[in-house]
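Subject: Structure handover

Hello,

Here is the structure you asked about, with the sequence alongside. My notes on what was found follow below.

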Amino acid sequence: MLTYMAHRFLVMIPTLLAISVLVFIIIQLPPGDYLTTYMAELEAQGEAIDQGKIEFLRKQYGLDKPYWEQYLLWLGGMLTGDFGYSFAYDLPVTEVVGDRLYLSFLLSFSTIIFTWVVAFPIGIYSATHQYSWGDHGLTLVGFLGLATPNFLLALVLLYLGKVWFGTSIGGLMDPQYLNEPMSWAKFLSVLEHLWVPVVVIGTSGTAGMIRRLRANLLDELQKQYVVTARAKGLSPFKVLTKYPLRMALNPFIADIGNLLPQVVSGAAIVSLVLSLPTTGPMLIDALRAQDMYLAGSFLMFLASLTVVGVLISDLALAALDPRIRLGGGSGQ
């Protein structure tokens with residue numbers, strides 16, 4: 001196991017380096033840079049452009065250097081904990097991301113917990129009560145969840161939250177707590193506003209997880225080892241939890257690699273509709289404004305989470321499923 005983990009860590013280094021090159025190239029692909037976009041906005045507003053100031057800013061931000069030198073400066077800064085300077089916010093990237101990253105983690109982890117808590121009991125019930133009235137009803141609800149656009153559900157829940165509970169529309173807290181330090185009242189305000197985005201973002205994921213868990217579990221329950229266990233007189237609960245449920249969880253463990261980056265990126269469109277101060281809208285704005293250091297730091301962080309998530313999912317799969325061996329087929 002230790003040899004496998006060491007090998008994976010060594011593979012992660014060139015993988016992240018290759019991703020950093022691709023991220024930098026993608027960010028630089030659109031013509032111009034942040035200052036070009038800034039000049040276009042000034043011209044659209046009818047304001048005069050001070051070319052001297054533009055040249056000064058271009059040198060200050062290092063935009064006058066060759067691309068390869070800009071990449072090395074950006075990469076070297078990340079290795080030392082300096083993620084660069086956000087042109088649009090006129091602040092270091094770490095200061096810009098701070099609060100939004102915390103709120104994104106809170107929202108996304110709450111969504112993941114909601115999805116799993118709701119999906120697993122329903123998926124197990126549907127598989128063990130195949131073609132019953134409950135199975136048909138829950139299947140209908142699942143299809144409705146998959147078919148309903150997130151932004152439409154967000155608007156409906158915003159209206160219901162305002163009419164039924166008096167919750168202020170948009171955001172993750174009441175306006176008076178926006179610039180206040182964390183307190184018990186602010187925490188309660190966050191909890192009051194959190195349920196709407198959690199339900200909106202988690203609905204489609206919950207519906208999809210129910211369908212997959214039901215299909216995987218039904219496939220396992222038809223296998224010979226389950227029939228043999230039943231014939232030996234094992235209780236239905238033990239027959240279900242001993243192996244079929246564990247084997248049906250493999251795809252969900254494998255999805256950990258996708259869950260971790262979603263913790264940061266979240267549902268950007270839903271965040272825009274609900275006016276949530278998370279990282280999703282900020283990433284979209286950074287890409288639109290060609291704020292290269294802010295956008296690049298976001299994308300590299302997402303890539304790092306993906307690589308780490310895949311490693312965690314591989315280790316968890318090896319522990320969950322005895323049929324999986326870290327050495328692959330080398331020992332056979």
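How many salt bridges does the count come to? The count comes to 2 salt bridges. Please keep in mind that this is a predicted model.

Salt bridges

One of them pairs the side chains of Arg-214 and Asp-135, with an N to O distance of 2.8 Å. This pair links distant parts of the chain, since Arg-214 sits in helix α8 (residues 184-221) and Asp-135 in helix α6 (residues 133-147), 79 residues apart. Arg-214 counts as buried because its relative accessibility is 11%. Asp-135 also counts as buried, at 1% relative accessibility.

Ser-126, found in helix α5, belongs to this part of the picture. With a relative accessibility of 1%, Ser-126 counts as buried.

The side chains of Glu-220 and Lys-223 form another salt bridge, at 3.1 Å from N to O. Here Glu-220 is buried, at 7% relative accessibility, whereas Lys-223 is partly exposed, with a relative accessible area of 30%. As background, side chains of opposite charge can pair when their charged atoms come close.

Overall make-up

The protein chain has 16 helices and 2 strands. Of its 332 residues, 41% count as buried. Among contacts between residues at least 6 apart in sequence, 74% join residues at least 24 apart. The chain exposes about 18500 Å², and carbon and sulfur atoms supply 68% of that area.

Nonpolar cores

The largest nonpolar core has 28 residues. Those with the most contacts inside this core are Leu-35, Trp-74, Phe-87, Met-292, Tyr-293, Leu-294 and Phe-298. At least two core residues come from each of α1 (2-28), α2 (34-44), α3 (51-60), α4 (67-79), α5 (93-128), α15 (279-289) and α16 (292-320). The largest share, 7 residues, is supplied by α16.

Trp-74 is worth a look on screen. Setting aside neighbours within four places in sequence, Trp-74 is in contact with Ser-20, Val-23, Phe-24, Tyr-293, Gly-296, Ser-297 and Met-300. A second, separate core has 22 residues, including Ala-119, Leu-221, Phe-252 and Ile-256. In soluble globular proteins, nonpolar side chains tend to be buried together.

Surface

Which residues make the nonpolar surface patch of about 480 Å²? The patch is made by Val-21, Leu-22, Ile-25, Ile-26 and Leu-29. Leu-22 lies in helix α1, one of the helices that supply at least two residues of the 28-residue core. Leu-22 itself counts as exposed because its relative accessibility is 53%, and the cut-off for exposed is over 50%.

One further residue

Is Asn-258 buried, partly exposed or exposed? Asn-258 counts as partly exposed, because its relative accessibility is 45%. Asn-258 is found in helix α13 (residues 256-265).

Regards

Key:
Residues are numbered from 1 along each chain as its sequence is written. This is a predicted model: local features need pLDDT of at least 70, side-chain atom pairs count only at pLDDT 80 or more; totals for chains, interfaces and linings use all residues. Side-chain values use heavy atoms; hydrogens and water are left out. A nonpolar core is a set of buried Ala, Val, Leu, Ile, Met, Phe, Trp, Tyr and Cys residues joined through side-chain atoms within 4.5 Å. Buried means under 20% relative accessible area, exposed over 50%, partly exposed in between (1.4 Å probe, protein chains only). Helices (H or I, at least four residues) and strands (E, at least two) are DSSP runs, numbered from the N terminus. Contact means heavy atoms within 4.5 Å. Patches are made of residues with over 30% relative accessible area and no salt bridge: like charges are joined within 9 Å, nonpolar side chains (Val, Leu, Ile, Met, Phe, Trp, Tyr) within 5 Å. Accessible areas come from the Shrake-Rupley method with a 1.4 Å probe; for residues, only the protein chains shown count as cover. A salt bridge is a side-chain nitrogen of Lys or Arg within 4 Å of a carboxyl oxygen of Asp or Glu.
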